[in-house]
Amino acid sequence: MIIFVAVTLSAQGCADSVPSSRARWEMEQGGLVSSGQHGLLLRAQSVLARVESGCGTLPLHIAVLTNDAPVAHSFRDGSLYVSTGLMRQFTDEELAAALAHELGHLVIDGLVSPEPAALAGVALQTDDVELHADLLARNILHAHGLPPAALTTALEKVAAASRHESFYQPLVRRMKTLQTLDAQAR
Ligand SMILES: [Zn+2]
């Protein structure tokens, strides 16, 4: 499990089933953090505010999942999720990079793809889709005065937490591309 961006079908047309399925999904991911961990939510909201402007997405809502794996998800209704594990391991700049990658998915394919997508990639997703989101994330970070290289170190942490071959090898390919871009930018 890595940094996920899940892009789901719109709630339109199935409004009755969506709340329960989302609540079930949240529970499967470890559930939302308790009110006693409000500081985590405030940090996530604060970092999201640093990257979301100008992306042209729906209004965004972020929540924190109780999950030790460094995962982040987003749904095409504008719901974003980051895990406690991700927030513990990532700097604010890396957290911004993870969110920027997910915003990239929402901007690029959120309106067309019903399939979950992921920062780490998912089985049915192509490298092209992930790289496209990475490149847009770099642009988003740069436009907001944040270092694009934070995405590279974020992916390195994701890769370190994942030894599942179907995630790890695509991550390595993307990191190589990002490292080349980082070097060119220096
Ligand atoms: Zn992704």
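This report describes the fold, sheet, helices and core of a predicted protein model.

## Basis of the model

Residue numbers start from 1 along each chain, following the sequence as written. The model is predicted: local features need pLDDT of at least 70, side-chain atom pairs count only at pLDDT 80 or more, and totals for chains, interfaces and linings use all residues.

## Overall fold

The protein has seven helices and five strands. Both are DSSP runs numbered from the N terminus: helices are H or I with at least four residues, strands are E with at least two. Along the sequence the pattern reads β-α-α-β-β-β-α-α-β-α-α-α.

Of the 186 residues, 41% count as buried. A residue is buried if 20 or more other C-beta atoms lie within 10 Å of its own, exposed if 12 or fewer, and partly exposed in between; the C-beta atoms are placed from the backbone. Take the contacts between residues at least 6 apart in sequence: 66% of them join residues at least 24 apart. Two residues are in contact if their C-beta atoms, placed from the backbone, lie within 7 Å.

## The sheet

Strands of a sheet pair through backbone hydrogen bonds, either parallel or antiparallel. Here three strands form an open sheet in the order β2-β4-β3, with mixed pairing. The edge strands are β2 and β3 (72-74), each pairing on one side only. From one strand to the next, the twist averages 15°. Two strands count as paired if DSSP finds at least two bridges between them.

β2 and β4 run parallel and are joined by five bridges. V64 has V82 in β4 as its bridge partner. β3 and β4 run antiparallel, joined by three bridges. H73 stands opposite Y81 in β4, and S74 stands opposite L80 in β4. These two strands, β3 and β4, form a hairpin with four residues between them. In the turn, G78 has a positive phi of about 95°. Four of the five residues of β4 are buried, so β4 is largely enclosed by the rest of the structure.

## Helices on the sheet

α2 lies across β2 and β4, running at about 140° to β2. α4 also packs on the sheet. This helix, α4, touches β3 and β4, and its direction makes about 30° with that of β3. Axes are lines fitted to C-alpha atoms, for helices over the stretch in contact; angles run from 0 to 180 degrees between N-to-C directions.

The 14 residues of α2 should span 20 Å at 1.5 Å a residue; its end C-alpha atoms are 21 Å apart, which agrees. The expected span is 1.5 Å times one less than the number of residues. The buried residues of α2 are A44, V47, L48 and V51. Seen down the axis of α2, they fall within an arc of 105°, so they line one face of the helix. The arc is that of the directions from the helix axis to the C-beta atoms. On the other side of α2, H38, G39 and L42 are exposed.

α7 has 21 residues and should span 30 Å at 1.5 Å a residue; its end C-alpha atoms are 30 Å apart, which agrees. In α7, F167, P170, L171, R174, M175 and L178 are buried. The buried residues of α7 fall within an arc of 145° seen down its axis, so they line one face of the helix. E165, V172, K176, T180, A183 and Q184 are exposed on the other side of α7.

## The nonpolar core

The largest nonpolar core has 41 residues. Such a core is a set of buried Ala, Val, Leu, Ile, Met, Phe, Trp, Tyr and Cys residues joined through C-beta atoms within 7 Å. V82, A96, A97, L99, A100 and L141 have the most contacts inside this core. Elements that each supply at least two core residues include β2 (61-65), β4 (79-83), α4 (92-108) and α5 (127-143). The largest share, eight residues, comes from α4.

Leaving out residues up to four places away in sequence, A97 touches A137, L141, A150, L151 and A154. G104 lies in helix α4. G104 is buried, with 28 other C-beta atoms within 10 Å. G104 and A133 are 29 residues apart in sequence and 4.6 Å apart in space, C-alpha to C-alpha. Beyond its neighbours within four places in sequence, G104 is in contact with A133, L136, A137 and I140.
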